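Visitor: I would like to learn how to read a model of this kind, feature by feature. Could you take me through the one shown here?

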Amino acid sequence: MKRVRFSVYRTVGEARLQAGLLEGSGLSVEIRGEALAPLGGEIPSTETWVELWLPEEEVARARELLAELEEDGEKASRVVECPGCREENPGNFELCWSCGEELPESPRPRLRAVS
Ligand SMILES: [Zn+2]
């Protein structure tokens, strides 16, 4: 089975987290370079690298998964104001938790210029 390098991380923790997510979705991830990573953090983090390798045919699926995860995280960290009752809702909600009104598709940033 031919494997290709999928991504590079500066810390083992990051790489493991990502590998865990992909493995949880049934992909066969391999972590390389882990042994070179410092344990005590004495070497500057820029000199640490950990790579994730995947079978060639699983790369497209992995990219899709990560894109989905990223989108979810971004949405959840934003706040949407309900057009009906002005309550604030997490950005990944489709309906207002307070009044059930449908929320707008593109959430506004929490910080707005005061006019
Ligand atoms: Zn509402």
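Visitor: Which residue in β3 does Arg 32 stand opposite?

Guide: Arg 32 stands opposite Glu 51 in β3. Before going on, please note that this is a predicted model, in which local features need pLDDT of at least 70 and side-chain atom pairs count only at pLDDT 80 or more, while totals for chains, interfaces and linings use all residues. Residues are numbered from 1 along each chain as its sequence is written.

Visitor: In what order do the three strands of the open sheet lie?

Guide: Two strands pair if DSSP finds at least two bridges between them. Here the order is β1-β3-β2, and the pairing is antiparallel. The edge strands, β1 (3-9) and β2 (30-32), each pair on one side only. β1 and β3 (residues 50-55) pair over six bridges, whereas β2 and β3 pair over three bridges. Within β3, Val 4 has Leu 54 opposite, and the bridge partner of Val 8 is Glu 51.

Visitor: Which residues of β3 are on its covered face, and which on the uncovered one?

Guide: In a regular strand the side chains alternate between the two faces of the sheet. For β3, the covered face holds Val 50, Leu 52 and Leu 54, and the uncovered face holds Glu 51, Trp 53 and Pro 55.

Visitor: Which residues make up the largest nonpolar core?

Guide: In soluble globular proteins, nonpolar side chains tend to be buried together. A nonpolar core is a set of buried Ala, Val, Leu, Ile, Met, Phe, Trp, Tyr and Cys residues joined through C-beta atoms within 7 Å, and a residue is buried if 20 or more other C-beta atoms lie within 10 Å of its own, exposed if 12 or fewer, and partly exposed in between, with C-beta atoms placed from the backbone. The largest such core has eleven residues: Phe 6, Tyr 9, Val 12, Ala 15, Ala 19, Leu 22, Val 29, Val 50, Leu 52, Leu 54 and Ala 62. The elements that give two or more residues to this core are β1, α1 and β3, and α1 gives the most, with four residues.

Visitor: Why does α2 lie largely in the open?

Guide: Of the 18 residues of α2, the number buried is one, so this helix lies largely in the open. The expected span of a helix is 1.5 Å times one less than its number of residues; α2 (residues 59-76) should therefore span 26 Å, and its end C-alpha atoms are 26 Å apart, which agrees.

Visitor: Why does Gly 91 count as buried?

Guide: Gly 91 counts as buried because it has 20 C-beta neighbours inside 10 Å. Gly 91 is placed in the segment after β5 (88-90), and its C-alpha atom is separated by 4.8 Å from that of Arg 78, 13 residues apart along the chain.
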